[in-house]
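This briefing goes through the structure shown below by topic. Keep the sequence and the model open while reading.

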Amino acid sequence: MAKRYDLRRQTGFSQVAWFCIFMLYAPILLLVLFSFNDNRSVVKWTEFSFRWYTEAFANEGIRAAAVTSLKLALVASVFGTIFATMAALATTRTRPYRGMNLAYAVINQPLMIPEIVTAIASLSLFALIKQITGVTGIGYLMLAHTVFCIPFAYMPIRARLEDMTLTLEQAAADLYASPYRVFWEVTFPLLIPGIVSGAMLAFVVSLDDVIITLMVAGPGETTLPIFILGAIRRGITPEINAVSTILLAVSILFVAVFFLFQRRNKK
Amino acid sequence: MKHKLLSFSAACGIALCSNSAVAEGELHIYNWGNYTSPELIEKFEQQFDVEVTLDGYDSNETMLAKVQQGNTGYDIVVPGDYMIAIMIEQGLLEDIDANTMENFGNVDAKWVDVYWDPGREYSVPYQWGTTSFVVDSEVYSGDINTLGLIFDPPAELQGRINMLNDMNDVINAGLRYLGYPRCNSNEDELRELTALLLEAKTHWRTMDYSTIEKLTSGDVDLSQNWNGASMRARAQRPTLVYAYPKEGFTGWMDNVAVLKDAPNLENAKLFVNFIMDPENAALISNFARYANGIMGSEPFMDPEMTEAPEIVMPADAPAPDFVPPCDQSVVDFYNEIWTRLKQ
């Protein structure tokens, strides 16, 4: 036992690691690569070009779907984050109460229930509401997205709250600050990194959702992932690669911001 | 809090949920993704002063699931052949008397008495195609219009064949080769079929959906294939020829229909009549790249399409075979055969 134990020096470690990295990222790299291919084929390379990006931007269906996606993600992440912040405060900044664990479980429910079940359940419920009230529109889709965004926003906010000691809030209260002022002048500014990372995560989750959107969306409410899904039935074209690459880039951007704020969380 | 929630939902009611007011001049189309010509929609909007929304689905089953729940807000759907039959049976489609419409006379007579909508009360043709196979005529120069090339291949094609990774397409081709009926549950005939498939499989190289890539990369010289994909493959490998085997081949058709209780019923009917105009049907074909079933549309179609033997069937080819969904007992048999074949 002279040598120190090091996981990275185990036989086969680097092979397994490289295999995993390859399987995870090779398909995505290939997709990005062929979006720049000046050719209809998605397997044969000819020449570098932005042709498919130009075509994608010129395609009205894609543009409309992108606008719907952004609108939806914005509304869902804003409202989802507001509700998640309230929920996080109610499950950390109070004395433990009966049912707190239950509340925690209920908030995180969308993470546990299979998405297809939520999708079909929402479809049936909304169809019933539409029948009774006659109200239709994109509000239903926004509602559904907000709901499944809540747990994703909740996690980083709660983590931030748990890392923050109560010292400052107690000091403020000792100095006769009302609970209202304690929240807005102490808790909230400290919580902002958590809220921003929560919102970023919620935005990406809403942007990428397929199954629930597919079921709940009504007329004129096609999002980008739904457009891609519908279009591949007629074969994958580099145009689809281009749109997927853009979607990927936006997602990476938001996840990067998320990690940036997570790092600030730790400081 | 209660107050806030109330005003939130009120704001939602006014701002977000109001774009559906049952105004005149709207039409909501729910079609397969990337399957509707933007030119066609623009022309319809201008001609009738109607605002059209267009959404895409990825399968007949997704569309059915949503429509069954009701109140989708859509007016027009474009289900495949067997799905029309299911939706009529479930009372999901509006009886629009399509056969009495002004432009109905343009519909090719062979698409009127179809099994999924006899006499065309509910639906009209949108696009149709076939599933057969393509061969490289330089590799094999004999008669290609026989399924023998797949099930008893000549030496030059052995080991150079790709089949679709699709249970029904493979089994139906086998049944046609043997001359047995589709949706078959006769155990003796199915035993013979299994033996045929297992024997033929020794000559097959792959079973894969990516037919264009397989053919153009030179991986195989024969592939079971859809006609539209065959035309695209030929653009890159000009010696490919699409076969119309004498034993028969599969046909499919997507059809335009109107949903029961469509919010914009009159506009929907206008649209159904509109697409039976040869000029408009040609717009659809030029975009979706399949034949449309409307007589007189050829002069308006891209020459690339009217000259494509994959799209325009030769007059002496047998009629395409439309296979309805089979009973569960038959599907169970098929699954067993498929499992053995895929081992």
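**Domains, chain contact and folds**

In chain B, eight residues of domain 1 are in contact with seven residues of domain 2. The model is predicted. The points below start with this domain contact, turn to the contact between the chains, and end with parts of each chain.

**The two domains of chain B**

- On the domain 1 side of chain B that touches domain 2 of chain B, helix H4 (81-89) and strand S11 (250-258) of chain B each supply at least two residues.
- H4(B) gives the largest share of that side of domain 1 of chain B, three residues.
- By residue type, the side of domain 1 of chain B that touches domain 2 of chain B holds five nonpolar, one polar and two charged residues.
- The domain assignment of chain B places 25-128 + 251-306 in domain 1 and 131-250 + 318-342 in domain 2.
- Taken over C-alpha atoms, the centres of domain 1 of chain B and domain 2 of chain B are 30 Å apart.

**Strand S6 of chain B and its partners**

- Strand S6 (residues 123-136) of chain B is mostly covered, with 14 of its 14 residues buried.
- S6(B) pairs with S11(B) in the antiparallel sense over eight bridges, and Thr131(B) has Thr250(B) as its bridge partner in S11(B).
- S6(B) also pairs in the antiparallel sense with strand S9 (residues 222-226) of chain B, over five bridges; in S9(B), Trp226(B) stands opposite Thr131(B).
- Strand S10 (residues 240-243) of chain B pairs with S6(B) in the antiparallel sense over four bridges, and Val241(B) in S10(B) is the bridge partner of Val135(B).

**Asp97 of chain B**

- Asp97(B) lies in the loop between H4 and strand S4 (113-114) of chain B.
- Asp97(B) counts as exposed because it has 12 C-beta neighbours inside 10 Å, and the cut-off for exposed is 12 or fewer.
- From Asp97(B) to Val135(B) the separation is 38 residues in sequence and 43 Å in space, C-alpha to C-alpha.

**Contact between chain B and chain A**

- 30 residues of chain B are in contact with 30 residues of chain A.
- On the side of chain B that touches chain A, two or more residues come from each of helix H1 (2-16), strand S1 (26-32), strand S2 (51-57), helix H3 (60-69) and helix H8 (211-216) of chain B.
- S2(B) gives the most to the side of chain B that touches chain A, with four residues.
- The side of chain B that touches chain A is made up of nine nonpolar, 17 polar and four charged residues.

**Chain A**

- Chain A has twelve helices and zero strands.
- The C-alpha atoms of chain A fill a box of roughly 75 × 70 × 30 Å along the principal axes.
- Chain A has 267 residues, of which 36% count as buried.
- Of the contacts in chain A between residues at least 6 apart in sequence, 79% join residues at least 24 apart.

**One helix pair in chain A**

- Helix H8 (residues 167-174) of chain A and helix H9 (residues 179-208) of chain A have axes that come within 10 Å and cross at roughly 145°.
- The crossing of H8(A) past H9(A) is right-handed.
- Leu168(A), Glu169(A), Ala172(A) and Ala173(A) of H8(A) meet Val182(A), Val186(A) and Thr187(A) of H9(A).
- The residues in the contact of H8(A) with H9(A) are five nonpolar, one polar and one charged.

Conventions. Residues numbered from 1 in each chain as written. Chains lettered and ligands numbered in written order. Predicted model: local features only at pLDDT ≥ 70, side-chain atom pairs only at ≥ 80, totals over all residues. Domains from an automatic or database assignment. Contact = placed C-beta atoms within 7 Å. Nonpolar A, V, L, I, M, F, W, Y, C, P; charged D, E, K, R; others polar. Axes fitted to C-alpha atoms, helices over the stretch in contact; angles between N-to-C directions. Left-handed = near helix turned anticlockwise from the far one by under 90°. Buried ≥ 20, exposed ≤ 12 C-beta atoms within 10 Å, placed from the backbone. Pairing = 2+ DSSP bridges.
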